[in-house]
Amino acid sequence: MTPAPILDGLRSMEVLSQQELKRLKEHKYSSEGKSIIEPVMQVFWCWLVEQIPRTLAPNTITIIGLVANIVSTLILVYYCPSATEEAPAWSLIFAALCLFIYQSLDAIDGKQARRTNSSTQLGELFDHGCDAVSIVFVTVSASVALQLGFNPRLNFVLAAISMFLYYTAHWQTYVSGTLKFGRVDVTEGQLVFCTVYIITAIQGGDFWKMQVPVLDMELKVVTCLFGLSISLMSIYNYGRIIFGGGKGRNGSTVADTSVIAPFFHIGSVILLAFAIWQKSKTGIFERQPCIYMIVFGLVAAKITIKLVIAHMTKSGMNFLDTAFIAPGLLFINQYLDTFVSEDRVLWLALAWSVFDLSRFCIALCRQISQHLGIYTFDITSKPAPLDQRVGVTTRRQAKLATR
């Protein structure tokens with residue numbers, strides 16, 4: 001297939017209805033709460049944003065950080081595909097640097113938007129969408145740094161909780177209408193991951209294998225359990241908000257839908273990931289944990305983005321989604337008694353997940369930017385009015401038809 005039909009397909013693909021676009025344009029960002037370290041980091045972030053040219057679009061800042069995070073993780077996966085190998089020290093330092101860059105750029109994109117008077121609903125959605133993707137790769141990097149391939153059960157729980165935690169944060173936003181930050185939140189978590197990368201680079205992977213006295217457990221297990229306990233506390237606090245009564249009618253969500261309904265989306269992703277892992281005859285998760293986590297992480301990322309959209313457009317969520325084709329391929333292959341090599345199907349599922357998420361995000365940004373009359377990555381100019389663009393397109397098509 002040539003690039004032209006693909007681009008035409010993206011142009012014609014409509015993710016949101018006209019009513020949803022209208023409600024999106026009426027959406028106002030609402031958040032509350034600050035984490036422990038954020039006030040200190042704000043000093044650095046306020047200085048940093050002043051060093052950024054005013055012509056640089058906030059979304060460009062966000063995507064640069066995301067790309068850095070993805071590249072650093074893919075380097076680690078290249079050297080440590082099973083998360084049991086020793087990663088080169090330079091790759092871990094690079095991962096720590098890229099994560100810090102991502103955190104910094106993610107923190108200043110909103111400041112840049114306010115600074116340049118370019119705040120839009122697309123910017124908010126773009127920011128949350130990049131975070132949903134980033135958390136997938138950060139989790140994989142942490143798995144490699146701690147060599148959690150030797151602890152598959154702990155590795156799976158860490159990945160599942162990471163997906164569920166970020167999803168739950170936006171689930172409670174969907175219910176309450178306000179994004180609420182805890183005292184220990186994403187800023188602290190990212191700095192902890194940076195510290196883990198640096199310690200591993202200096203001390204080596206064996207450092208985390210040390211036995212902790214009294215507990216009689218490896219240091220990496222204790223570290224993960226501590227992180228999981230903090231995450232579970234956050235999930236509990238989100239749960240209190242979710243089931244404490246929503247902003248909609250009779251305590252429902254902002255879209256007047258059931259507060260419980262969003263659970264089935266992320267629950268299905270995690271259940272499929274667990275079932276396919278347990279049913280595998282070749283130990284696909286044990287052998288390919290990084291690719292496995294990326295596949296299901298991207299599925300969860302798309303589901304999370306759709307939850308953010310549901311909140312911003314005050315709409316319900318459809319359960320069926322093309323993202324489930326990826327785990328569906330693995331599940332069907334197992335049902336057919338592994339008719340095709342699980343490794344091949346896993347790579348096929350990865351290809352589909354990347355394609356499906358990319359197609360969805362590109363079409364979404366394109367549709368919203370057209371509706372708002374802006375460019376996604378440019379704040380120095382604005383596109384021509386939609387009616388003029390339609391007229392130009394019509395004349396161009398008529399001219400081509402006469403050739």
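Guide: The side chain of Thr-178 makes a polar contact with the side chain of Ser-30 at 3.0 Å. This is a predicted model, in which local features need pLDDT of at least 70, side-chain atom pairs count only at pLDDT 80 or more, and totals for chains, interfaces and linings use all residues. Residues are numbered from 1 along each chain as its sequence is written, and side-chain values use heavy atoms, with hydrogens and water left out.

Visitor: What makes the pair of Thr-178 and Ser-30 a polar contact?

Guide: The term requires a pair of N or O atoms within 3.5 Å, where within protein one must be able to donate a hydrogen and the other to accept it, and residues adjacent in sequence count only if both atoms are side-chain atoms; the pair lies at 3.0 Å and is counted as such a contact.

Visitor: Why does Thr-178 count as buried?

Guide: Its relative accessibility is 14%, and buried means under 20% relative accessible area, with exposed over 50% and partly exposed in between (1.4 Å probe, protein chains only), so Thr-178 counts as buried.

Visitor: Why is H4 called roughly antiparallel to H5?

Guide: The axes of helix H4 (residues 58-79) and helix H5 (residues 89-115) cross at roughly 165 degrees and come within 8 Å. Angles under 35 degrees count as roughly parallel, over 145 as roughly antiparallel, 65 to 115 as roughly perpendicular and the rest as oblique, which makes H4 roughly antiparallel to H5.

Methods. Axes fitted to C-alpha atoms, helices over the stretch in contact; angles between N-to-C directions. Helix = DSSP H or I, 4+ residues; strand = E, 2+ residues; numbered from the N terminus.
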